[in-house]
Amino acid sequence: MTDIVFVLNGPNLNLLGTREPEIYGSDTLADIEARLESKARELGLVIDFRQTNHEGVLVDWLHEAREVRARAVLLNAAAYTHTSIALLDAIKAIGVPVIEVHLSDPATREAFRHISYIGMAAVDEVKGLGAEGYVVALEKAAAL
Ligand code: CA2
């Protein structure tokens with residue numbers, strides 16, 4: 001196992017900080033990455049922080065986490081959380097612990113957000129803490 005933690009972000013999260021701050025906060029994804037970089041240094045970890053709007057790319061990156069023997073993956077799959085059996089299968093396949101992260105708490109929102117395919121295979125979850133949730137999730141990854 002290495003000290004690398006993959007931080008994978010799904011569709012539309014590249015727009016973070018531009019709209020709906022009442023739900024997602026006003027930090028951009030770059031702000032979150034900077035905070036995580038600093039926390040990772042403190043914890044002696046290295047983060048590989050990425051965002052894509054494409055489901056298959058997330059599947060490929062989960063496979064890559066296995067290939068590089070990453071310590072953990074923090075995954076905010078955004079809307080794919082609620083739809084993607086492909087991501088569920090990938091998480092089950094890779095043998096790398098995945099921590100589910102959400103800025104908001106989907107359980108308190110529309111019913112279609114109440115299902116999480118990621119949660120069916122993730123080892124842990126952090127929801128509803130905004131950008132700080134990524135930091136909490138990294139601390140959890142350090143403790144694995
Ligand atoms: O709360 C989260 O982190 C979510 O994963 C965010 C997803 C949503 O589909 C999940 O249910 C919960 C949506 C990300 C959309 O990001 C935007 C950012 C700025 C403006 C509009 C959308």
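**A tour of the ligand site and an arginine**

The ligand sits in the largest pocket of this predicted model. Select the ligand to begin, and then display the residues that surround it.

There are 15 residues around the ligand, and those that come nearest are Asn76, His82, His102, Leu103 and Ser104.

Next, select His82 and show its side chain. One of its polar side-chain atoms lies 2.7 Å from an oxygen atom of the ligand.

Proceed to Leu103, and display the backbone here. A backbone N or O atom of Leu103 lies 2.8 Å from a ligand oxygen atom.

Then select Ser104. In this residue a polar side-chain atom lies 2.5 Å from an oxygen atom of the ligand. How much of the ligand does the protein bury? Taken alone, the ligand exposes 510 Å², and the protein buries 94% of that.

Over which ring does the charged end of Arg50 sit at 4.8 Å from the centre? That ring belongs to Phe6. Arg50 also lies over the face of Trp61, where the distance to the ring centre is 5.2 Å.

For the last stop, display the aromatic side chains of the structure. The number of aromatic pairs in the structure is 0.

Technical notes:
Residues numbered from 1 in each chain as written. Predicted model: local features only at pLDDT ≥ 70, side-chain atom pairs only at ≥ 80, totals over all residues. Heavy atoms only, no water. Near = heavy atom within 4 Å. Polar contact = N/O pair within 3.5 Å; in protein donor to acceptor, adjacent residues only side chain to side chain. Areas by Shrake-Rupley, 256 points an atom, 1.4 Å probe, with all protein chains shown as cover. 1 Å grid on protein atoms, 1.4 Å probe; cavity = no way out; pocket = protein on both sides within 12 Å on 5 of 7 lines; lining within 4 Å. Sits in = over half its atoms within 2 Å of the grid points. Phe/Tyr/Trp six-rings, centres within 6.5 Å; stacked < 30°, edge-to-face > 60°. Lys NZ or Arg CZ within 6 Å of the ring centre and 35° of its normal.
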